[in-house]
Amino acid sequence: LSTCVSVVLTVCILFGATTRAISAGNEWLKNTFNCSSQSLTSIPRSLPLTTEALDMSHNEIKTLNSEDFSGVPHLKFLNLSSNVIDDISNDTFKSNQELKYLDLSWNKLRNLSCYFLNFTPNLKYLDVSFNEFVSMALSHAFRNLRHLEYMGVSGKTLQRTDFQSISHIRLRSAFLNLESLTSYETESLRRLNTERIKIVVTNRLTDVDVMSDALSISEEVLLSAMKRSEYLKQALVHVKKGKEMKAAHLSLINIEMSWNDFTVIINTICQSSIKHLYIDNLFITETIKKKEVTQSNSLESLTIKNASVQDYFFFQGDLYNFIINRMLQNLTIANTPIVHMICPPNQRPFKMLDLSNNTLSDSVFSVTITNETSCKTLKELHTLVLRGNKLQQLQKLCSTTQHMLSLKHLDVSFNSLTYKYTSEHCHWSESIVTLVLSSNNLDDSVFKCLPKNIQILDLQNNQVTAVSADALDLMALTELNLGSNRLLDIPHCDSFRRLQTLLLKENGLHTPSVGFSSSCQGLGVLDVSNNPFICTCALKEFINFTNRHSAKLLHWPLGYSCSYPQTLNGTLLKDFNIAEVSCNIFLLLTVILCPTIFIIVATAILCRLLDVPWYVRMIWRWTQAKHRVKAKQKLEAPGEVLFHAFVSYSQQDAAWVKNYLLPNLEEDPVLRICQHERHFIPGKSIVGNIIRCIEQSYRSIFVLSAHFIQSEWCHYELYFAQHQLLSQDSDNIILVLLEPVPQYLIPSKFYKLKAMMAKRTYMEWPQDRNKHKLFWANLRAALQVNLSAGVGTPDTE
């Protein structure tokens, strides 16, 4: 068993090492262990003595006793939810006087006596909801929980005396799961002293009394899972008549109601003490129709989020008029499918209007009857939020808000706004001081269409590449956010001299210049982190600037690293060093040129003193003379030459070679002609045979024709002759033009052959028979050489 416990504890410790600190009230607990979802049936006994937080949720623990937590006296946070606990010993927490957070929800407990609470006087959070309690009667053990701030409980019956034991304790929040409630005694909740109460309603007639009591005892009431809205109507009317309503905040979560009930409830709330109404996950049944609006100064704010309707075929104006024509200070309609919002026909006292994450277009607030795009009845509006819609034209937005004379904060982020510069000026409301234009499609031209008194401008995640020189003078601007754009350098502050904060993270700044500093004298905060810095000499000036400038550099140094060159990728800029000589061109030239000049001068003087020029002239003359002697010896008697000529031709021209060339040349018994059919050695490579024959021949005769140019082996022979003979003595090659060969047929790699045919004389086979004798005579004369010195027996045929 001890081994098993050790293994389980090891698993818990591993989980605890990767889990962040847990908050218990205002206290952050560090020594935490997460043993959740481990299929445990008991509490590990080898927990460290210093354990402050323990999560045992989602296991299979059935009972708790005094030995389970005796080894962790400093335990402050304990989560035992989602187990199968049905029995807890009275002395279970005898050693845990410091316990502040206890979650026993979603178990199998049947008795709310909870005498184990006698040992937890410092408890602030207690949740015993979603168990199997029948009655919600709290025992006298709850009297000792004087520091209790939150309590969650559930059951099937609720009577007036059930909460008597905690009536003297002022709770911050209470949660009652009443979805299984079958019996409720009127005024049972009045013994519950809490600032905020959250109730999961029964959707039965008992909800009328439950809601009435909740609205009478707590300043903030949250009702969840409501599907029978008529009970709320009755509760509101009942409390209103009795003038006992204490609630100032009412939240309705996950509710379903008809349009008629919705309008009645809103109008009733407007005549009650409720100042703030919050509705989330609203589903409206039935068709929306025109309803009268009850005006009242009591309701200050209305928030509707995640609303949907069953019937989409209705007149949109009926919905918009019912919502916008109210005497509210704050109105939020968010995450709904509304496509438009009208401008109120009369002046309204709105201070804040949030229409974010809808499907509003550029026609928002337009007046259809007069065809006006600007709204003139929201002159007291202070904050307007239109983020996450489908706005496209910045100039139309400018016109829409032009007459909102008190507007200070405008958020139109996450739209598709663009701006194309025209001769028309952008007439914004002069009161705007904060403008959020992030995550749109705006480019450099946006700086020509901005409110002139703006102080904070957010253009993050757009397509800005630079701040143009003809941008508007925004003399009041103190904060500019251009992060996640396409900037290649830090912009100057010529158009905003009072700028104090400049945010440029995640742009394309490779080697930012520091020229901006002269125009940004008042800059106090600068952020150029997460840019692809190229760590070369050009970046050194910026690094020096960061060290000496007084501006605070956000995310320094971890947010600033090299991206290029590859060898420095990931290196922090603070660790990047490069020698001064590598970056100073004058110093580099001095280092290189001074030693070079010294060496040249010293060498020249040394050569002069040692008569080196005289020796060089003598060696040159000797080499020239030696070359002339060797050339003469080679002409008279080449040492290794066995043949007078090697004949290279295409197989298509073999008949002419055999019938004309060879017989006419070999009439002279002295001439020895090398031909591949007679002198190539069997078994030896063709290339090797070609090289051997060319090297053992005094001259090489190339029979040029169109067939020659197309022959692969002729290419090999001519290629070798070009590199072995042409580079040494071009007179060793005799070109015989069997037929006219156009220059364009000769491959470009035979450029030397082209040059030779263009500059030197070649022999052309005459078509006139009378000239044949002269042709053969000239050819034999070109091959005459004395081979006696190198006579040897030719290789075996």
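This is a predicted model: local features need pLDDT of at least 70, side-chain atom pairs count only at pLDDT 80 or more; totals for chains, interfaces and linings use all residues.

Trainee: Why is Asn96 called buried?

Mentor: The term requires a relative accessible area under 20%, and Asn96 counts as buried because its relative accessibility is 0%. Asn96 is found in the loop between strand 7 (87–88) and strand 8 (101–103), and, leaving aside neighbours within four places in sequence, it is in contact with Phe69, Val72, Pro73, Leu75, Phe119 and Thr120.

Trainee: How do you know whether Ile274 is buried or exposed?

Mentor: Ile274 has 0% relative accessibility and therefore counts as buried, although this residue, too, lies in a loop, here between helix 4 (259–270) and strand 17 (276–285). Its contacts, again leaving aside neighbours within four places in sequence, include Leu236, Met245, Ala247 and Leu299. Of these, Met245 is 29 residues from Ile274 in sequence, with the two C-alpha atoms 8.3 Å apart in space.

Trainee: Which residues of helix 17 (residues 772–782) are buried, and why are they said to lie on the same side?

Mentor: The buried residues are His772, Phe775, Trp776, Leu779 and Arg780. They cover an arc of only 125 degrees around the axis, which puts them on the same side of helix 17. On the face turned away from the buried side, helix 17 carries the exposed residues Lys773 and Leu774.

Trainee: What do the buried residues of helix 17 pack against?

Mentor: They pack against helix 11 (654–665), strand 33 (697–704), strand 34 (733–737) and strand 35 (763–764). Helix 11 and helix 17 have axes 9 Å apart and pack at an angle of about 65 degrees, and helix 11 passes helix 17 in a right-handed crossing.

Trainee: Which residues meet where helix 11 and helix 17 pack, and how are they classed?

Mentor: From helix 11, Trp656, Tyr660, Leu661, Asn664 and Leu665 meet Trp776, Leu779 and Arg780 of helix 17. By class, this contact has 6 nonpolar, 1 polar and 1 charged residues; Arg counts as charged, whereas Trp, Tyr and Leu count as nonpolar.

Technical notes
Residues are numbered from 1 along each chain as its sequence is written. Side-chain values use heavy atoms; hydrogens and water are left out. Buried means under 20% relative accessible area, exposed over 50%, partly exposed in between (1.4 Å probe, protein chains only). Helices (H or I, at least four residues) and strands (E, at least two) are DSSP runs, numbered from the N terminus. The arc is that of the directions from the helix axis to the C-beta atoms. Contact means heavy atoms within 4.5 Å. Axes are lines fitted to C-alpha atoms, for helices over the stretch in contact, and angles run from 0 to 180 degrees between N-to-C directions. A crossing is left-handed if the near helix is turned anticlockwise from the far one by less than a right angle, and right-handed if clockwise.
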